Amino acid sequence: MEAEVLVIGAGPAGSTVADRLARAGHDVLVVEEHARVGYPVQCAGLVSDRVLELAGTRSMVRTAVHGATVYSPSLRPVAFRAPDPRAFVIDRAGLDIALADRAAKGGARFETGLRFDGATRGENGSITARLTAADGGERTISTRLVVGADGVTSAVARAFRLRRPVEILPAFEAEFPRSPGDPDQVEVYLGRAIAPGLFGWWIPDGEGGARVGVAVSAGPVSARAYYERLLAHRARRFGAPLTGATAFLVSGIPIGLLPRAVADGALLVGDAAAQVKPLSGGGIFTGMRCAELAADVAHAALGAGDLSARRLAEYDERWRLELGGEFSRALYLRRVLRRLSDDDLERVIAALDESGMRETIVAFGDIDFPSHVARNLLLQSPSLVRLFPKALGALRTSRVGRVPEVEPGRSRAAK
Ligand SMILES: Cc1cc2nc3c(=O)[nH]c(=O)nc-3n(C[C@H](O)[C@H](O)[C@H](O)COP(=O)(O)OP(=O)(O)OC[C@H]3O[C@@H](n4cnc5c(N)ncnc54)[C@H](O)[C@@H]3O)c2cc1C
């Protein structure tokens, strides 16, 4: 079997690359190891309006959220609420299916139940990929370019000897059909006892239920154990435990910029390339946007007949130019936040409760570009500057990414 471009993985990044390349006239085959695109769901499904714009449909939106309540380690809350929707809770499987449908309409072929195992590159640059079908049968596919959109455990990265993310955060989440809580707000839980290394979340699903989970630094205590603690906290607050979980999710979130996302005859997109926001673990917007850039560079490289790492490196340059500044600032902030004790986090939450801070968060809050609100909060709050004496300088001097098509704050509101 042959395909000019072989995309591994039918998640948002893979289907976005496939759609763009197929519409540019290339012969694209997407292979997905699972039997059905979109399943199992491994995501909380909270996205910005930009994701809906990139997807070209809002069909998968379940509800809009207007803000967040952030809980300190001692469960002191501070709530922010905007008049306009600031994020959307989606049916994540619905997003993957819509993107795959769009790519198929654009001409891409899809094969499910087929796992990529490895690849060899011939003298003339052609690549032979080895795959295994659901029935155990072995297959080979000849291709000119392999796109690794195969998520956090990327077999393509291994096959092409590309470096893996600096850190993978274990995550655990469950869905509950009914849950008390404000249906317009997400809840975020901070602190070493609940979610060391990132945070716990409660996200309303728009139908009276919620998605509850944690992502944490890897350590001796499992993500599931932290999730149980979060449930216990909420049960104490509402006087009753959540019951009847309908789905569980165990996965990992890659954090840290890769030095390179390209090799001779291959490139990585999305989680495979750790194109994930370091402060939130969200990777749908960044993965899809980088996938568009990857497709544009791949199209030109295919046209030029040059699929060398040197030619494909333009992709690395373009995604770093557009998103690298935000990734770097967020990685810096994450390092600073990880060093904070629970007492320090209490002081951060107290500072966010000071007058004027909510207004700044509402004005500058943007889930895709969180470093902008962090910088503005530091500019405004002497208490925060005392806690993070070097942060303001670092945020000012770190490389500022050019974000022409994805300006912070652009088109956040629902249309
Ligand atoms: C608990 C949790 C909650 C999250 N919540 C959010 C959120 O609210 N908002 C947000 O923006 N992001 C969130 N994320 C991150 C988001 O899910 C990812 O960033 C996003 O799915 C990345 O898309 P992708 O296309 O790169 O990879 P994926 O969506 O992981 O898709 C990779 C695909 O490749 C397939 N595959 C893997 N290996 C092979 C192989 N060898 N052969 C063939 N196919 C293969 C997989 O089956 C999968 O379908 C969350 C992640 C976790 C773990």
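In what order do the 3 strands of the open sheet line up? They run β3-β7-β4, with antiparallel pairing.

This is a predicted model, where local features need pLDDT of at least 70, side-chain atom pairs count only at pLDDT 80 or more, and totals for chains, interfaces and linings use all residues. Residues are numbered from 1 along each chain as its sequence is written, and side-chain values use heavy atoms, leaving out hydrogens and water.

View 1. Strands here are DSSP runs (E, at least two residues), numbered from the N terminus, and two of them pair if DSSP finds at least two bridges between them. β3 (46-47) and β4 (61-65) each have a single partner strand, so one side of each has no neighbour in the sheet.

**View 2. Where β3 meets β7.** β7 covers residues 87-90, and its antiparallel pairing with β3 has 2 bridges. Look for Leu46, which sits opposite Val89.

**View 3. Who surrounds the ligand.** The shell holds 33 residues, each with a heavy atom within 4 Å of the ligand. Leu46 turns up again here, among the closest along with Glu32, His34, Arg92 and Asp271.

View 4. On its own, the ligand exposes 1000 Å², and the protein buries 89% of that (Shrake-Rupley method, 1.4 Å probe).

Note on methods: Helices (H or I, at least four residues) and strands (E, at least two) are DSSP runs, numbered from the N terminus.
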